[in-house]
Amino acid sequence: MATNSISARGRKRWEWEGISQDKVTVLSDWLQAHAAAAAVDSLAVRGVVENCKDFPTFQLPVSQLASLRSLDLQYMTVAVQAGADTQTTPPNLPPELSGITRLRLWGARVGLSTLPAFTNLQHLALTVGKTVDSSRGLSSLVQLTHLHMSLSSEHDAVLASVSSLTCLQELEVEGGYTADGLAALPLSLTKLCVSGKVTLAPDSTPAVAQLTALRWLQVTEAAGFSTAVLCSMSSLQHLAVQYSPLLSSATAGGDDDGEARGVDLTVFSALTQLQHFELLVGDTEHAAADTETNAAGLTASRQLTCLIIEGLVTQQHYRKMFRKGRQLPQLKKLRATMGVLGTRRDAEALVGCCPNLEHVDLSTGEHTLFVIGCHPTGCNPIC
């Protein structure tokens, strides 16, 4: 009776392993008997995933959970217990749980027809598709500040309702959607994470380019990314573009006159607040003349603590990034290709530019060659 927070997610190796049906049943019985007296306000349960069909069934004793404020259910079928009655699958979460402020339904087979009843929700994470029947009512959650959605098929209509959430600060979306789904986003966003085969550019996703309050932007496995999207995001502190090809200036602007143009890196010179900067673009054919002339912009921020550059620049570009006189006093972690230490002069320039490096990860682009860690005494690892 000493606890009001329950977490049953199994052992953790790479991730939580989940708990089996018998343990789910025992937990349900315990909650039925003791949850009310214990005033349980936080409940997180993850079922074991043996295949995509046989999820554990969790009997949720709603009448005993009046104090619940945070509910996290993953990979299970949920049946709602209300007294002697148990709803059949797929059930609807009842309005009795309207006091919840944090709700996560990830791979949980449970209906959402009563979603508008959760008027106090501030954090919501859900998969939309086979496991969740509907997301209607999303626009009524006016207090929502954090939203994470995984879409198993194209659900641009679901994303369209996000534009009315004027208090929304953080949006993370992955899976099946198109650029049309990002046509309208609230200007209140300070964090945006997108994963999916869309092209992020001012012409295809203008709403993204207008997010001037962004502090955090993460783009993963996009069809393409134009650096022009960043022109109005001078307040960015975290920028990660992962496994998404950078568009050349000709491609991004829709102007293909046959002239060879590279990736325009000039915009990075204005991102002077960046602390975490990550460009994992893989091999690109567009990093030509513009990259050579604008690479210095990649280290324009003196606030950098982590810099990860892979598949974009070569040795001559590194010399512009870490040239004499440039200081990155906060940089602790650097991940780059071997070209950053092409010569002794390059090594000396790197040490002079980044005196407080603690972790250096160098590779050929395909395989890591070595990782240098800093001794606790604080000596520079390059020295």
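**Entry 1: Tyrosine 243**

I started at tyrosine 243, which counts as partly exposed because its relative accessibility is 49%. For the cut-offs, I noted that buried means under 20% relative accessible area, exposed means over 50%, and partly exposed lies in between (1.4 Å probe, protein chains only). I was reading a predicted model, where local features need pLDDT of at least 70, side-chain atom pairs count only at pLDDT 80 or more, and totals for chains, interfaces and linings use all residues. Residues are numbered from 1 along each chain as its sequence is written, and side-chain values use heavy atoms, with hydrogens and water left out.

Where does tyrosine 243 sit? I found it in the loop between strand 14 (238–242) and helix 4 (249–253). Helices (H or I, at least four residues) and strands (E, at least two) are DSSP runs, numbered from the N terminus. Next I looked up the backbone angle: tyrosine 243 is not a glycine, yet its phi is positive, about 50°. Most residues other than glycine have a negative phi.

**Entry 2: Glutamate 221**

I looked up another positive phi. Glutamate 221, also a residue other than glycine, has a phi near 50°. Its place is the loop between strand 12 and strand 13 (224–225). Is glutamate 221 buried or partly exposed? It counts as partly exposed, because its relative accessibility is 41%.

**Entry 3: Confidence**

I checked pLDDT, the predictor's confidence in each residue, from 0 to 100. The protein chain averages 81, and 78% of the residues score at least 70.

Over residues 254–260 pLDDT stays under 50, and the model has 2 contacts beyond four places in sequence for them. Contact means heavy atoms within 4.5 Å. Over residues 285–289 pLDDT also stays under 50, with 9 such contacts. Where pLDDT is low, the predicted coordinates should not be read in detail.

**Entry 4: The whole chain**

I looked up the overall totals. The protein chain has 7 helices and 19 strands. Of its 383 residues, 47% count as buried. I took the contacts with a separation of 6 or more: residues 24 or more positions apart account for 54% of them.

**Entry 5: Strands 1 and 2**

I turned to the start of the chain. Strand 1 (residues 5–8) and strand 2 run parallel, joined by 4 bridges. Two strands pair if DSSP finds at least two bridges between them. Which residue of strand 2 stands opposite isoleucine 6? It is leucine 43.

Why is strand 2 (residues 42–46) largely enclosed by the rest of the structure? I found that 4 of its 5 residues are buried, so the strand is largely enclosed. Strand 1, helix 1 (residues 21–38) and strand 2 make a right-handed β-α-β unit. Right-handed means that, with the strands pointing away from the viewer, the path from the first strand over the helix to the second runs clockwise.

**Entry 6: The nonpolar core**

I looked up the largest nonpolar core, which has 100 residues. Such a core is a set of buried Ala, Val, Leu, Ile, Met, Phe, Trp, Tyr and Cys residues joined through side-chain atoms within 4.5 Å. Which residues have the most contacts inside it? They are Leu147 and Phe322. In soluble globular proteins, nonpolar side chains tend to be buried together.

**Entry 7: Histidine 148**

I found histidine 148 in strand 8 (residues 146–151). Histidine 148 counts as buried because its relative accessibility is 16%. Its side chain makes a polar contact with the side chain of glutamate 174, at 3.2 Å. A polar contact is a pair of N or O atoms within 3.5 Å; within protein, one must be able to donate a hydrogen and the other to accept it, and residues adjacent in sequence count only if both atoms are side-chain atoms.

**Entry 8: Isoleucine 308**

I placed isoleucine 308 in strand 16 (residues 306–310). With 6% relative accessibility, isoleucine 308 counts as buried. Isoleucine 308 and histidine 276 are 32 residues apart in sequence, and their C-alpha atoms are 8.3 Å apart in space.

**Entry 9: Glutamine 327**

I ended at glutamine 327, in the loop between helix 6 (315–321) and strand 17 (333–337). Glutamine 327 is partly exposed, with a relative accessible area of 32%. A polar atom of its side chain lies 3.0 Å from the backbone oxygen of glycine 352.
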